Amino acid sequence: MSQLVRSTFRVIEFVPTDYAPPVEVGIPVGHASLTKEFTGGLVGRSVAQFSSAFSMETGVGTYVALEVFSGTFDGRDGTFAFAHTATTDGAQRSHHLVVIVPSSGTGELVGLTGTGELVIDADGTHHLDFDVTYDDVGAARPRAPGSVRP
């Protein structure tokens, strides 16, 4: 059974790198490391590797990111990785995708799978909504001493 989990996040650190691609295109291409702080259904921090082709002038562009999260997800402790991307035409976001990287969960998040959506409110507040399932057969949970994993 899938479960919806909503969180709110804010970027607490944005560090651009000096990377410049060897091929020039019509808009600037860049790379950065981001640190985010989450509250709500996710409580903790993440670090993202963020690449974009984006024009500050027109607001047009696309980004891709691979993010690793550490903390609690819906009350379960652990870590996991997820990827996300979106495109903007300067006014509307489109082609957005959020996916949990298979087999990336640790601790109580072993077996976590799902997809999601990044939602931006009119006031600029950022939310991450996940639709997830747990494969509890492999999930880390307390076991009696001497018991074996099924």
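**Strands, rings and a surface patch**

Good morning. Let me begin with Val29, which lies in strand E2, residues 29-40; strands here are DSSP runs of at least two residues, numbered from the N terminus. The model is predicted, so local features need pLDDT of at least 70 and side-chain atom pairs pLDDT 80 or more, while totals for chains, interfaces and linings use all residues. Residues are numbered from 1 along each chain as its sequence is written, and side-chain values use heavy atoms, without hydrogens or water.

Val29 has a relative accessible area of 34%, which means that this residue is partly exposed, a class between buried, under 20%, and exposed, over 50%, with a 1.4 Å probe and protein chains only.

I turn now to the aromatic residues. Rings of Phe, Tyr and Trp (its six-membered ring) pair if their centres lie within 6.5 Å; planes under 30 degrees apart count as stacked, over 60 as edge-to-face and the rest as tilted. By this rule there are 10 aromatic pairs. One of them is the stacked pair of Phe50 and Tyr63, at 5.2 Å centre to centre with 15° between the planes. Phe50 belongs to strand E3 (residues 42-54) and Tyr63 to strand E4 (residues 60-73), 13 residues apart. Both Phe50 and Tyr63 are buried.

Phe69 and Phe80 make a tilted pair, because their planes meet at 50°, with ring centres 5.5 Å apart. Phe69 is in strand E4 and Phe80 in strand E5 (residues 76-89), so this pair ties together parts 11 residues apart in sequence. Phe69 and Phe80 are likewise buried, and they belong to one aromatic cluster whose members include Phe9, Phe38 and Phe130. Thank you.

Definitions and conventions. Helix = DSSP H or I, 4+ residues; strand = E, 2+ residues; numbered from the N terminus.
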